[in-house]
Structure formats: C-alpha cells, structure tokens
Amino acid sequence: MVCVHARQSELEKMGASALSKLVLTQMDRIEHLELMVAKLQRQHFGPKSEKAPINADQLMLSLSGTVIEAQPVVPVPSQASEDKTTRPPRKSRALPPHLPREVRTHFPEPTTCPCCNGELRKFGEDVSEMLEYMPASFFVIRHVRPKMSCRKCSTVVQAPAPERVLDRGLPGPGLLAHVITAKYCDHTPLHRQSQISAREGVDLDRSILARWVGEAAALLEPVAEVLRRYVLDTEKLHGDDTPLPVLAPGTGKTKTGRFWTYVRDNRPAGDDRAPAVWFAYSPDRKGEHPQGHLAKFVGILQADAFAGFNKLYQSGAIQEAPCMAHIRRNFFDLMKAHQSPIATEAVERIAALYRIEKEIKGKSADERRAIRTARAKPLFGDMRRWMEQALTQLAPKSETAAAIHYALGLWDALARYPDDGRIEIGRVEMWRGSLGLA
C-alpha cells in the first residue's frame, strides 16, 4: 500500500516502482479533490443548466496513442448567420385579463371649450392601466341566528348553526387556506405569520396556528388518499427522494428526513390526462419506505440508481427505467472540473439523444418508438461501444472511469427506452417543471 502522505526522508528511500505508484495515487487523489471542489462551486455559484455546446473538433480523441473515432452526432442547425446583437422580442406588458378592473374616468376640468366656450363632445379616448394591490386584511363574519317563537303554541324555531371547518374552531376556510399556503408554498414559518397578524392587532399564537395546521392535515387525508390512488394508477411512474431538514425537539438541532416524490405525467408520450404528484414523508432513507409506497404498483418506474429501489424490480412487476440525466451529470462535472475530452464527448453524445427527445415530445408512444428506432438507437449503441473502448485507455480508479462504469452498470435497464415509447430518457422534474411549479 502506498502512503500518500510520505515524508521527504521516506521518498528518498523509495525505489522507482514505488515512486511511480505514489505519483499515480497522488494524481488520482488530486483529480478526485478537484472534482469535489468543482461540484461544490457549481452548486453554490454556477448555473443549474447542464447543457454543453457541440464542438466538432473534440469528436476525435487520442488516448495514449490509440484513436477512438467518434460516431456521427446529429448536427445542430447553425445560427452563425444570426446577428448576435439582435434583441429578443419584448414580452407583452398587458396585465392578466382575469384580474378585476376598477374603471376611473378622468374628464377635463373645463366643461366647455376653453377657446370659444362651446359644448364639448367625446370623439375618442386614451386608456392606460396600472397594477395596484390591496393588502390582505382580517375581517370577522358574525353569524346571527334569531330565535323565533310561535305566538300560538310558543314553539321556538332557530336556524342550525353554520358548520365550521374545524370543530369549534376560530378560523374560516379562507384564513385556514391562507395559513397552509403561506407555510408550505411561500415558506413563511408559523412564528412569522404570528408576527404578521400581530401587526394587524390580531393575536394568533404559533401554537394555535400549529394546531390549525395539524387539524387541517387530518381533514385533507381523504383527498391525499384519492391523489395517491390516481398517481399510482398509471403504467409509468417517476420516483425520487430529497433530503428535508426536520426539527429534533429537545436537541436544539435539526435532523434529516426524506420527502419521497412520485409523479404521474405521461404528456410527453401523447397522453392528455392531468399530471399529478404525490408526496410521502419518512424519517430516513431506508429502502423499506419506497418498497411500501409501491408495494401494489405494476408498471415502469423511472428513478435513479438508489439501492432501495432494487428490491422492487426483483419480481418483474416493476420495470426499471434509469435516468440519463444522472449519467450526464457525472460527465458534466468532469467536463467542467478537468476539461476532460472524454467527458465532453460523453456530454455531447447524450445531448444528441436529448435533441431527438425534444423533437418527439408530445407524440404518441408508437411514433416515439419508431423515431427512436430509426435515429436514437444507433447513437445509443455507438455510445456504449465508445465507452467500452475509452474505458480500456483510462486508469482503473480515475473519476472518468468511475463515471463510465456507473453508466455501463445501468445500460441494460437504460436500453429499454429506445424500444418503448412510453419511457422517457430521463425523469421529469418532479414537482417543478412537470407541473408548472418552477
């Protein structure tokens, strides 16, 4: 075993073979550290887009004297003739038509002609609009139920009390919806909502708001169950999980929970049924959670290579469809960190497949399969052969080799997408772009 922290005196005692191994080990370590730094820098400061321009000069690579010929990549329409200084068309500033309008007509101050004192008549008008906002405000609905008594038999009649959203609760449905929307959609914590209401002279303690949220969640459980059934009643499902900081009472710290996201969205394959997303929470990332969520699901699962999903594929009821975006991200990080020609070509080859997907988005599954068979499948097969050949010229423990091994490990499952028009080349962006929430 080579020590990567050898001192000067130890280096002088090493032979040529040991020094060579040390240099190679150090190079692998430096490459790994540089990649980690580049990833962190891009996460904090860089753009989220992983697109890369096509560079034809990089499609012929020379690795240790062995030339790896690049296969044809779908050409990109040239835009060189376009004037780079041409500005994009300005967006319309017209205000949304659904907003209520308050019309204020401004007549000129003189009611007669200032020149001859004659009568004025209208022959046209100028119209302009200004967007205004009325701050949200509290108001009280007082329900009055008169008691009516019969003059003849003294029978007392009174209207039944109106139903409340929460049993004997104070909030109306509008206020309760506002509290929940502000907390979960606008990320306004309950203590901050309490401060906002206090400025209006309304005392709503955080504990009261928390109780409202909890009771509202119980009321919405039947709706969530209907949503869950609808999302899982599909032949193709997108699945993912994301870390979620959760308060750990008594410790003054937070712990990491998991939000499991399952999306039904078959619009790219020509299905006009509504997309939907179902969220499930778990305190950790154990595989038992997705296995429980999808215990009765039968169909295609588009997900990453998380080991917790593997048990779902064993029975054959669920088909694995990996996400090409995860494969691309590994190469994209290497391309940005090291300007690696191999990683760059991998990104460009994957981009060629994505361009085909962009063209066939919204077509029927049969049309997509036919176009993929003719155009994408040859590129897909060439990319695998290219990766296997490139792998023979790389150091076994290099980051680039690891990215290729990751891709080849998923290749058999990934190869389902060219032959099945229902499957996407990658997952939809769960709760964002797919559902118009970005």
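Author: In this predicted model, strands β6 and β7 run antiparallel and are joined by seven bridges. Within this pair, T261 has F279 in β7 as its bridge partner. As a general idea, strands of a sheet pair through backbone hydrogen bonds, either parallel or antiparallel.

Reader: How many bridges join β5 to β6, and what is their relative direction?

Author: Strands β5 and β6 are antiparallel, with 11 bridges between them. V246 stands opposite K255 in β6. The hairpin of β5 and β6 has four residues between the strands, and G250 in this hairpin adopts a positive phi near 90 degrees.

Reader: Which direction do β8 and β9 take relative to each other?

Author: Strand β8, residues 299-303, runs parallel to β9, and five bridges join the two. L301 is placed opposite E320 in β9.

Reader: What is the order of the strands in the open sheet?

Author: The five strands follow the order β7-β6-β5-β8-β9, and the pairing is mixed. At the edges are β7 (276-282) and β9 (318-322); each has a single partner strand, so one side of each is left without a neighbour in the sheet. On average, neighbouring strands here are turned by 30 degrees against each other, direction ignored.

Reader: Which strands does helix α6 lie across?

Author: Helix α6 (residues 221-232) lies across β5 (236-248), β6 (253-264) and β7, and runs at about 115 degrees to β7.

Reader: Is W212 buried or exposed?

Author: A residue counts as buried under 20% relative accessible area. W212 has 2% relative accessibility and therefore counts as buried. W212 belongs to helix α5, residues 206-219.

Reader: Which residues is W212 in contact with, apart from its neighbours within four places in sequence?

Author: With those neighbours left aside, W212 is in contact with L166, L170, P171, L175, L176 and L204. For L170, which is 42 residues from W212 along the chain, the C-alpha atoms of the two are separated by 9.3 Å.

Conventions:
Residues are numbered from 1 along each chain as its sequence is written. This is a predicted model: local features need pLDDT of at least 70, side-chain atom pairs count only at pLDDT 80 or more; totals for chains, interfaces and linings use all residues. Side-chain values use heavy atoms; hydrogens and water are left out. Two strands pair if DSSP finds at least two bridges between them. Axes are lines fitted to C-alpha atoms, for helices over the stretch in contact, and angles run from 0 to 180 degrees between N-to-C directions. Contact means heavy atoms within 4.5 Å. Buried means under 20% relative accessible area, exposed over 50%, partly exposed in between (1.4 Å probe, protein chains only).
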